[in-house]
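Please find below a colleague's note on the structure shown here.

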Amino acid sequence: MRNQEKIKRSLVSALIATIAAVFIFLSGIQLFVVTSYSNKSAGKSYAENCDEIAVAYSSMLTSRLNMYLREIRYYVESDASQSLDVDTIVKWMCDRNEKKSANIDAMYFCTPDGKAYRDDGTTADFRNEEFFKAVMEDGNYEYVSNPKMDEVIKKPIFYVAHIVIINGKKLGVFAGVYPLSDIQKIVSDIQLGSTGNAWLLAGDGTVISYPESGYSMKKNFLKDLGGKSDGLREIAKNMIERKIGNGWINNPAKGYKEFVTYTPVHNTPWSLGFNIAERQVYSAGYSIRKIMIMSFVIIAFALITITATLLFKQLSPLKKVEKAIKEIATGNANLTKRISVSSKNEIGSIVLGFNNFAEKLQSIVTELKKSQKTLEEAGKTLSQSITNSADAIEKIKDSINETTGGISEQTNGISEASATVNEIASNISSLEKMISNQASGVSQASSAVEEMIGNIDSVNVTVEKMVGSFKVLSTSAQDGFHKQTDVNDMILKIEADSKLLLEANAVIANIAGQTNLLAMNAAIEAAHAGDAGKGFSVVADEIRKLSETSSLQSKSIGERLRHIRSSIEKVVNASEQTSAAFTTVTNGINETDTLVQLIQSAMAEQKEGSTQIIQALKSMNDSSYEVTQASREMSEGNSQILDQVGRLKASATRMQGFINTMDENAAQIDVSSSELIDISTIVSDTIDQISSQIDKFEV
C-alpha cells in the first residue's frame, strides 16, 4: 500500500516537476533573448551617445588649447616679431615676463638653429625637443606637444608652440610652457554617470590622466601593460593613430569589463577616452532582467499551485477506486460499494468501468450465496439421513443378536419369532425410506453444487473475456506505440532531407549569383565589341534576367523550406508527447490486467473446490445406491422369512442359515454406513469451506 501511495505521489510530483522544468526552460530562453536584445540595443545606443559625448569633451579640450594658442599668437603677431631682429624680440619678451598670462609658466623664443631664449634671461638648446621638430622640420604652423616631466620643477608640463614667419622666412618659434595639472584637472572632473571616467593619452602612449592612481605620467599603455590587457593595448594603439571608435576591455585593476569610447583631441597628438562599467551600460537590461525574473517567479508559483490543485482534483476519483479495491481485497469484501463519478474524462471512464465490474461481481456472488444456502440445507439433510441410517443399523444388529439368542427357544416361541420377524420387516421398510431420503438429499446437493459450478464457469468466461480484451487493448497500445516510433523516424528523415534541400537551395542561389556576374561581364564585353556584340548583349541580358529570376525563386524556396522545417520541428515535439501518452496507457492497461488475472485465479480455485464437492457427492450417491440395493435384498429376505415362518417349526436348521445371512448383510450395511459417515464429513467440511469464502463478500 505504501508503495502504491508512493507511486501515486510520484506521478503527481513528476507532472508538476515536468511542467515547472518546461516553464523554467522556456522562461530562461525568453529571459536570455529579451536581455540580449535589450543589452544589444542599449549598448548600441549607449555607444552612439558616448561617442558624441567624447567628441563634445574633446572639443572642450580643443577650445582650452586654442585659448593657449591665442596667447602664443599674441607674441607671434607683436611688433617686436615684425622687427626681424632676434635681440629685439628676446628683449621685448623678457620685458613682458611679469605681464604674461597666468596660464603660462615660461616663454621661449627659439631660433632656427635650436637655441632657445627664456623670458627670465636664460638660454637652452631645444633642437631635440618634439615641438621644435614638428614646427621647424615637419612644417606645422602651430603645435601642442606631448607632456614631459620638467627636470627643474619636477612637474609635468607641455609646450604650445607657434612658428614666426615674416615675408616667407622662418624667423623662429615662440613656445609657451604650460603646467599639465590644469588639463589633468579638467579631464579628472569629467564624469559620465556613476562609473564613467575620462582619461587622456599622449601621442606616444603615455598616460596623461587616468582615474586610477599611479597611472598618470607613470604608465605607457603600449609598453607597460601585462598579458591580460591586450584589449586596452589595442585601443591605445588606435588612439595613438588618431582613430575614433569604441570597444570593450577587462580592467585589470577593477576586475570587471568596461566600455571604452575614444576620439582624438584636435590640433594635438593627444586622444581622449572614456571608461564606463558594464553594469552602467547595461543598467536598463539588468533592470528588465530583474523585473522579468521576479515576474517569472510569481507566474511559476501561481502555475505550479494551480497545476497541483487541478491534478489533485482530477486524480481524486482514483483515490476512491484505490480505497474500494482495498476494502474488497482486505477484510470483508463489500461488493455494495460504488464510486460517485463527476469527471467525464478518461479517469471518469475508468471509475465507471470499475462500478460496472463491481456490480457484475456482486450479482455473481449473490447467486453463489443462494446456491450456498441450498447446499447447506442439503448437507444438513444428508447428515440427518446418515444419522438415521446408523440408528437403524444398530437396531438391526440388536435384532440379529436377539434372533441369535432366541434360536434355542424357537420351538417354544414360534409366535414370538413371528412377531420378531414382523418387527424386522417393519425396520427394513423404515430403512428403505431412510435410504430413499438420503439418496434424494444427495441428489439435491449434487444439483446445487452443479449449479454453483455453472455460475463459477460463467464468472470464469466473463473474466477470460476481460483478460482477452485487456490483451487485445495492450497489443493495440503496443502497436500504436511502435507505429508512432516509425512515424518519429520518418519525421526525422524528412527533417534531414529538408536540411539537404536547404543546402541545395543555397548552392542554387550561389550558382544564380555567379551566373548574374557572368551575364554582367558578358554584357560589358558585348558593349566593348560595339555593333558586333549587340546580339551577344541580348543573350547576356536574357541570361542576367534568368539569373535574377532564379535567385528570387531560390529565396522563395528557401523561405518555404524554413517554414517546412519549423513545422517539422513542431510535429516532432507533438509526436514525442504522443509516444509518452502511449507509454502511460500501456502501463495502466498492464496494471488493470494484473488485477483481472488475480480474480481469474480466485475463480479457478473456487471451481476446483466445487469439483471436489461434486466428486464427493457422486461417491455418496454411489454409496446410497449400494445401500438401496442392500435394502432391497433385505426386503426380499424378509419375504422369504415370512414364507418360511410356516415352515419354521420343521426347519430350525435352515432358520439358522438365514440368520447367518442376515448377520453378514448387517455387517455389510455397517461398512456402508461408515463410508457414508466419512462422505458426510467431507461434504460438510467442503460446504463450510465454500461458505467461509462466499461469506467474505457483502452483497
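1. In this predicted model, Asp685 has a relative accessibility of 47%. Asp685 is located in helix H12.

2. Which residues accompany Asp685 in the negative surface patch? The patch is formed by Asp685 together with Glu376, Glu377 and Asp688. Two helices each supply at least two residues of the patch, namely helix H9 (346–405) and helix H12 (652–694).

3. Nonpolar side chains tend to be buried together in soluble globular proteins. In the present model, the largest nonpolar core has 45 residues, and the members that touch the most others are Phe158, Phe174, Ile183, Leu200 and Trp270. Several elements give two or more residues to this core, including helix H1 (2–76), helix H3 (86–95), strand E6 (156–166), strand E7 (169–179) and helix H5 (180–188). The most is given by H1, with 10 residues.

4. Side chains of opposite charge can pair when their charged atoms come close. How many salt bridges does a search of the whole structure find? The search finds eight, and three of these pairs are described in the points that follow.

5. Arg118 and Asp120 form a salt bridge in which the closest N and O atoms are 3.5 Å apart. Asp120 has a relative accessible area of 43% and is partly exposed. Arg118 is also partly exposed, with a relative accessible area of 27%.

6. A further salt bridge joins Asp125 to Arg127, with 2.8 Å between the closest N and O atoms. Arg127 is partly exposed at 48% relative accessibility, and Asp125 is likewise partly exposed, with a relative accessible area of 47%.

7. Glu129 and Lys148 meet through their side chains in a salt bridge of 3.1 Å, N to O. This pair links distant parts of the chain, the two residues being 19 residues apart. Glu129 lies in the loop between strand E3 (123–125) and helix H4 (130–137), whereas Lys148 belongs to strand E5 (residues 148–149).

8. Lys148, by contrast, is partly exposed, with a relative accessible area of 30%.

Key:
Residues are numbered from 1 along each chain as its sequence is written. This is a predicted model: local features need pLDDT of at least 70, side-chain atom pairs count only at pLDDT 80 or more; totals for chains, interfaces and linings use all residues. Side-chain values use heavy atoms; hydrogens and water are left out. Patches are made of residues with over 30% relative accessible area and no salt bridge: like charges are joined within 9 Å, nonpolar side chains (Val, Leu, Ile, Met, Phe, Trp, Tyr) within 5 Å. Accessible areas come from the Shrake-Rupley method with a 1.4 Å probe; for residues, only the protein chains shown count as cover. A salt bridge is a side-chain nitrogen of Lys or Arg within 4 Å of a carboxyl oxygen of Asp or Glu. Lys and Arg count as positive and Asp and Glu as negative; His and the chain ends are not counted. The place of a charge is taken as NZ of Lys, CZ of Arg, CG of Asp or CD of Glu. Helices (H or I, at least four residues) and strands (E, at least two) are DSSP runs, numbered from the N terminus. Buried means under 20% relative accessible area, exposed over 50%, partly exposed in between (1.4 Å probe, protein chains only). A nonpolar core is a set of buried Ala, Val, Leu, Ile, Met, Phe, Trp, Tyr and Cys residues joined through side-chain atoms within 4.5 Å.
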